Amino acid sequence: MNSTLRWKLLTVFAVFVIFFAVGVYPILAARYRLPAPGWLTERQLKLGLDLKGGVHLVLRVQTDDALKIMTTTTSEQLRESLRTANVPVSAITVTSPTTFRVEGIAGDRDAEFRKIAGDLTSANYDNVAGAGGAYDFKMKPNIERDTREQAVVQAMQTIDRRVNELGVAEPNISRYGVAGDQILVQLPGESDVARAKSIISNTALLELKIVEAGPAPTKEALLQSFNGQVPPDMDVVTGATGSADAPTSFYLVHKVAGITGRDLRNAKPSLDENNRPAVSFSLTPAGSRKFGKLTGENIGRQLAIILDNRVKSAPRIDGRITDEGKIYGSFTNEEVDTLSLVLRSGALPASLTYLEERVIGPSLGADSIRAGVLSSLVGLSLIVAFMLFYYKVSGINAIVALIMNLVILLGLMAYIGATMTLPGIAGFVLTMGIGVDSNVLIFERIKEELAAGKGVRASINAGFGRVFWTLLDTHVASLISAMFLFMFGTGPIRGFAMTLTIGLLTNLFTSIFVSKTLFEFELTQRHAATATLSI
Amino acid sequence: MQIFHNPNYNFVKWRWHAIALSWIIVIAGLLMIWQKGLPLGIEFSGGTIVIVKFDARTDVQQVRHALDQSLPGGGENAVVQGYGDPGQNQVMIRVPHVGAETGTSLSETADAVTAALKKGNLSNPQVVGTEIVGPSVGQQLTRQGILATVLALGGILVYIAMRFQFSFALGAVVATIHDLLVTLAFLAFFRYDLSLNVIAAILTITGYSTNDTIVIFDRVRENMRSSRRDDIEGTINTAVNQTLSRTVITAGTALLSALALFFFGGEVLHGFAFTMVVGIITGTYSSVFIAAAIVIIWQGRRRRTAAGKTQPVSAAPAATAARKPKRRAS
């Protein structure tokens with residue numbers, strides 16, 4: 001045996017040992033309780049949601065919400081600035097999430113209006129002058145795009161924090177689909193889908209606003225002293241729902257919030273003075289200053305605590321408060337837990353809707369694993385039987401290459417942290433059937449060369465040499481389609497594309513390098529000149 | 001051992017029959033799809049699937065009865081069927097509608113189904129899995145699936161054109177499109193749901209079915225250098241015969257693994273495995289009959305146009321073959 005061959009055999013052996021240790025041994029160790037060092041099991045092949053069981057959610061971020069908030073805020077700021085500068089307008093209305101309209105600007109104040117509006121809005125809005133002193137403001141396209149993008153990114157971060165608080169191991173939160181506004185949330189091992197959903201999509205929009213009037217039993221009663229009109233800088237917000245002990249009530253509050261959820265530093269469950277569940281919160285330093293100013297200036301008035309556009313309670317401000325407060329008003333213990341969790345993790349920038357929802361129970365996942373393992377074993381046995389029957393001793397060569405292929409595939413997948421899914425198992429089984437094709441092509445060529453009267457060594461060399469380019473071409477063609485599968489795929493299908501791609505790459509190595517080395521080894525064991533090949 | 005001893009079948013002679021047969025299958029399949037539609041998996045159609053496990057054997061009829069009684073709107077459009085191993089007493093219920101795509105209400109239908117089963121007199125129904133897909137998901141997937149398939153075909157066309165010549169690339173891609181259409185036809189005949197997994201199988205076939213074609217084309221190119229240049233039909237026919245046993249064996253091993261999946265891979269992979277089985281068979285058939293036929297037809301046409309331009313008949317294929325002598329063929 002020459003030294004090149006010895007090195008090749010050593011390489012084959014080393015590759016086998018390494019990938020077996022990484023890819024296969026941890027699985028066997030877990031199954032049969034064999035001893036395994038921690039650093040090895042750490043990198044164990046990850047199972048996808050369809051095998052492990054869990055919750056799979058696809059959400060859409062209603063990015064229009066974020067645009068609308070921005071447009072409303074800008075139009076209110078403009079109203080405020082115009083009032084300070086004493087420029088009268090007849091109306092400022094938000095006409096769509098990205099547009100608002102200002103009407104009734106007197107001709108002689110036009111220049112002044114343009115200056116104020118320009119200073120305040122020109123960074124984000126374009127405006128067009130209409131007839132009769134009206135202006136239409138429209139959000140700039142790049143600002144709209146950025147705001148939408150930001151809303152999705154922020155929503156993902158918020159969901160990430162909330163899911164972490166839920167204590168789910170290895171959650172997956174990622175962008176989904178091509179539209180750009182969808183988020184995939186995968187929670188392995190979770191089965192309480194209702195709770196997961198309510199925590200993830202709870203907007204938790206907390207606002208503290210000064211109450212101008214109310215509570216009143218009807219909207220009309222509330223607006224009696226305002227001639228039935230809602231003042232332009234005010235909003236009507238409903239209070240508790242109309243149950244027997246807490247009939248529906250209406251509040252007239254300032255449009256601009258004194259404090260919002262963003263000013264919160266922490267929130268935790270506690271009790272109110274009547275020992276009912278409540279959430280106590282503390283504020284950031286900036287929030288404290290704002291809160292101190294707000295409460296100091298409004299002693300004796302009511303402060304509405306508004307959660308998701310509903311007044312939870314409206315306590316009277318007794319004195320200046322700076323850094324702490326309590327949210328109370330008919331909560332259950334569970335609601336208080338959820339509310340403090342979502343307040344801690346921050347508000348969502350926009351509301352979320354669910355597009356897709358899958359729950360895979362652990363028993364279904366286990367069934368799939370069983371089916372996957374069974375079909376792998378059946379597929380492998382069939383192919384092994386066929387190769388031995390058809391190619392005799394050389395069949396062993398192909399089988400060794402095939403098993404190497406599968407071991408390297410599993411090892412690589414574990415090493416790079418790929419996820420095994422049920423379609424991934426299908427890809428694994430197909431890799432057997434398709435991978436062994438390379439050996440078939442080589443063997444058939446060797447047979448042909450032998451039949452043409454070439455010697456064994458020459459036939460083997462010719463077989464491997466000539467088929468190499470064919471194999472390269474077939475593998476590239478398959479890789480091209482696997483690549484686009486990746487692009488198309490989501491979750492489980494990606495697992496399939498991954499298995500297929502890695503399987504194709506390792507197959508090139510095993511069918512050419514491993515198989516050739518085995519043939520060379522075989523040849524050294526006998527007298528090459530007189531040798532025959534069992535093929 | 002050898003399946004075929006020096007085979008010498010005249011495949012090329014049968015090309016028009018083969019093309020006719022393929023057209024019949026494809027047209028019948030398209031008619032079927034046009035008439036009855038392709039059954040869509042829940043990912044594409046949207047809807048609600050609830051998989052329920054019972055303590056004791058529960059008849060599909062009993063489940064349907066419970067739905068008829070208590071599900072608002074009845075179980076008229078519901079598909080109820082056994083799921084997985086019969087010993088597990090599992091039933092799958094598929095309803096075409098979902099809750100509204102607003103807020104968290106998507107799961108309302110699933111909740112209604114579960115509630116209806118609980119009300120019925122059934123042996124302890126436990127929900128082991130649900131799958132709820134809103135209507136907006138499907139359209140996006142369809143677009144993406146078609147795009148991915150078209151791009152994959154385009155990529156393969158360019159690659160083969162680079163490595164061989166354009167007529168070969170055309171032959172390979174037409175053969176692959178043929179395989180996709182035949183596979184779709186069989187999906188329609190056997191009423192398999194078009195699911196994400198099935199699309200994955202179809203894309204896999206796109207790559208796999210070119211493999212046999214490449215093997216044959218490689219041999220054609222090798223033979224072109226040694227044989228008479230003007231006899232493209234003879235050259236191709238020889239190549240198909242020379243590679244016949246490997247074409248059959250490679251398809252055979254792939255088929256073995258696909259059949260293992262079909263029979264043992266479980267409920268979820270059934271459609272996938274069926275698609276692979278059909279794709280592997282038609283892929284082999286089209287490599288032998290369709291791909292080569294297209295090359296002959298295309299080159300014949302070119303030769304005739306070339307001859308029309310007063311070029312000597314025998315020089316045209318010689319020029320074609322000599323144009324890309326890029327490497328040694330296998």
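In the predicted model, 76% of the contacts in chain B between residues at least 6 apart in sequence join residues that are at least 24 apart. Chain B comprises 11 helices and 4 strands, and 49% of its 330 residues count as buried.

Helix 5 of chain B, spanning residues 135-163, contains 29 residues and reaches 43 Å from its first C-alpha to its last, which is close to the 42 Å expected at 1.5 Å a residue. Buried positions in this helix are B:Val137, B:Gly145, B:Ala148, B:Thr149, B:Ala152, B:Leu153, B:Ile156, B:Ile160 and B:Arg163. The buried residues of helix 5 pack against elements of both chains: in chain A, the partners are strand 18 (352-360) and helix 13 (456-488), whereas in chain B they are helix 2 (42-45), strand 4 (126-133), helix 6 (166-189) and helix 7 (196-226).

In chain A, 4 strands form an open sheet with the order 3-4-6-5 and antiparallel pairing. Strand 3 (91-96) and strand 5 (125-129) of chain A stand at the edges of this sheet, and because each has a single partner strand, one side of each is left without a neighbour in the sheet. From one strand to the next, the twist averages 20°. Within the sheet, strand 4 (residues 99-103) and strand 6 (residues 135-139) of chain A run antiparallel and are joined by 4 bridges, with A:Phe100 standing opposite A:Phe137 of strand 6.

Methods: Residues numbered from 1 in each chain as written. Chains lettered and ligands numbered in written order. Predicted model: local features only at pLDDT ≥ 70, side-chain atom pairs only at ≥ 80, totals over all residues. Helix = DSSP H or I, 4+ residues; strand = E, 2+ residues; numbered from the N terminus. Expected span 1.5 Å × (residues − 1). Buried ≥ 20, exposed ≤ 12 C-beta atoms within 10 Å, placed from the backbone. Contact = placed C-beta atoms within 7 Å. Pairing = 2+ DSSP bridges. Axes fitted to C-alpha atoms, helices over the stretch in contact; angles between N-to-C directions.
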